[in-house]
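These notebook entries record what I looked up in one protein chain. I began with the charged pairs and then turned to the chain as a whole and to single residues.

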Amino acid sequence: MEDFRIENLSFKYPKSDEYALSDIKLCVKSGEFLLVIGESGSGKTTLLRMLKNELRPHGEMSGEILFRGNNIASLDERESAKRIGFIMQDPDSQIVSDRVYSEISFGLENLGLEKEVIRARVAEFASYFGLNAEFERSTVTLSGGQKQLLNLASVMAMEPDVIVLDEPTSQLDPIAAVEFLDALKRLNDDFGVTIIIAEHHLENIYKYADRVLCMENGSVRLCDSPREVVRKLEDCKIAYTLPVSARLYRELNDKLNPPLTIKEGRELIRKFKNDYYISQKELKNENIAFSCREVWFRYEKNSADILKGFSLKVYRGEFYSVVGENGCGKSTLLKLLNGSVKQYRGRVKQESAAVAYLPQNPKNLFVKDTLEDDFKSVDNSYMELCRRFNLQNLLNRHPYDLSGGELERTALCKLLLTKPEVLLLDEPTKGLDAFKKQELGKLLRELSGEGITIVCVTHDLDFAAEFADRCGLLFDGEITSENFTNAFFTNNSFYTTSSAKLSKGVFRNAVTYGDLLECVKAVDRR
């Protein structure tokens, strides 16, 4: 049985000359786990939103979308809500109730189910997703991972046929992301729910897919099994998104079955075991840009402390990354450095007044109806930066019509128009594909080389390992470990990169994909 059949679907946004989707043909079988990958702006979000009437964007559409044999437009709101669940990138964007139990029951109440049925389903799915201990808690006190599990429980309580997910782990810490994806796979296995999910970070999900849909410029580039995609995908930007093991397999032209997991990838490199190692990074500037000393902070007088005796030194021109679990205080730290909140004890010393802050929700930076008007409100000489960020074709678009990755790039572009000396970035890579992350990382390294100090809060450990000078782990209100990136990720077990896991016991200090390739090629040359 087919859940979805898409025939010759094309779509373009208002005021746009280019199609966001072009002649899409796709069938999704009932019970299938379909992974959608592609560059930022390739049409993934637009395609997923076309599968849900209430979220379908405004614009010019042609072609047909059938759900269980009927045109999807014929589904009334009740049927659409019940049968097609949708989970967005931002965990907060779907939560409407103040308590966990009421959030799970909200959809059921709106479907008009009997009280006994509601109570039974709420109990079942709270237990299934491990939310028993949080049952009475306020939803605002939950971590990002808990909020996303709550969204999943709330959708599943309505017993949908399909769940569509648009980068649901982009704002989750590495451990919470794994827990969420594992829960999603259990739903697919235990209940036969069809899963259609767009993701950029593929290390923990690629192995779960039945098929992988590769999108490029609004069209379907390839759709096949995960291993066949590794074999067939030609050299293109999409290939940068593949898991580390699969990318290494393609680089080595190995004749074995393409590896999809760290375990399989380790078999690929065991023959390269050698004493070759990656040298450590060093700090080049010892002039302090700002410092925190014994800082204590809480949001309300009687609430718990978020920062507890927190101390930190960041040097001028340094790229410093802060990692840690959801809810540990990373975003609070940036607000403290930005001056938007103030500690009640301790000292924060800031050497520069020109500070630019990229919040976790970049929509908050935009106030005009088009990007061009927004940029003009800051500086008329915006075209050079737009070309640098490849934003020329988006200038007439409304900021809220952009994909997550496009929004991040445009927000950073607007901040740079203010000519800052310090950049505070809260999850700048969410919504970006691997290729765009490379572009962003190289740009940030250039800015760092020009003397701009960068503090980046991120869950993207691979990005931090490749581009940051130093990293610190924020836990229980303070930096519990801090080091240069090579040493930091080499010494960690969970807060580390896929490349570090893959190379452990084979190469020393190899924490990025580039490190891994360097080690393998160095052994080959010997």
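**Entry 1. Salt bridges**

I took a salt bridge to be a side-chain nitrogen of Lys or Arg within 4 Å of a carboxyl oxygen of Asp or Glu. The model is a predicted one, in which local features need pLDDT of at least 70 and side-chain atom pairs count only at pLDDT 80 or more, whereas totals for chains, interfaces and linings use all residues. Residues are numbered from 1 along each chain as its sequence is written, and side-chain values use heavy atoms, with hydrogens and water left out.

I looked up Asp161 and Arg68, whose side chains meet in a salt bridge at 3.7 Å, N to O. Asp161 lies in the loop between helix H5 (144-156) and strand S7 (162-166), and Arg68 in the loop between strand S4 (60-67) and strand S5 (70-71), so the pair ties together parts that are 93 residues apart in sequence. Helices (H or I, at least four residues) and strands (E, at least two) are DSSP runs, numbered from the N terminus. I noted Arg68 as partly exposed, with a relative accessible area of 27%. For such labels, buried means under 20% relative accessible area, exposed over 50%, and partly exposed in between, with a 1.4 Å probe and protein chains only.

I next examined Arg227 and Glu264, whose side chains form a salt bridge at 3.2 Å, N to O. This pair links distant parts of the chain, with Arg227 in helix H7 (residues 226-232) and Glu264 in helix H9 (residues 262-269), 37 residues apart. Arg227 is partly exposed at 25% relative accessible area, and Glu264 is partly exposed at 30%.

Are Glu408 and Lys430 buried or exposed? I found Glu408 buried, with a relative accessible area of 3%, and Lys430 buried as well, with 5%.

I also recorded a network: salt bridges that share partners join Asp3, Arg68, Glu79, Arg83 and Asp161.

**Entry 2. The whole chain**

I counted 18 helices and 19 strands in the protein chain. Along its principal axes the C-alpha trace spans about 65 × 65 × 50 Å. With 526 residues, a compact globule would have a radius of gyration near 24 Å, and the 23 Å of this chain agrees. The radius is taken over C-alpha atoms, and the globule rule is 2.2 Å times the number of residues to the power 0.38.

Of the 526 residues, 57% count as buried. I then looked at contacts (heavy atoms within 4.5 Å). Among those between residues at least 6 apart in sequence, 68% join residues at least 24 apart.

**Entry 3. Helix H10 and its end**

Which residues of helix H10 (residues 330-338) are buried? I listed Lys330, Thr332, Leu333, Leu334, Leu336 and Leu337. Just after H10, Gly339 takes a positive phi of about 85°.

Asp476 is in the loop between strand S18 (470-475) and strand S19 (478-484), and it is partly exposed, with a relative accessible area of 45%.

Asn509 also is not a glycine, yet has a positive phi of about 65°. It lies in the loop between H17 and H18 and is buried, with a relative accessible area of 14%.

**Entry 4. Around helix H18**

I located Thr512 in the loop between helix H17 (498-503) and helix H18 (513-525). Thr512 counts as buried at 10% relative accessibility. Leaving out residues up to four places away in sequence, Thr512 touches Ala465, Glu466 and Ser499.

Asp515 belongs to helix H18 and counts as buried at 12% relative accessibility. I noted lastly that Asp515 and Ser503 are 12 residues apart in sequence and 9.6 Å apart in space, C-alpha to C-alpha.
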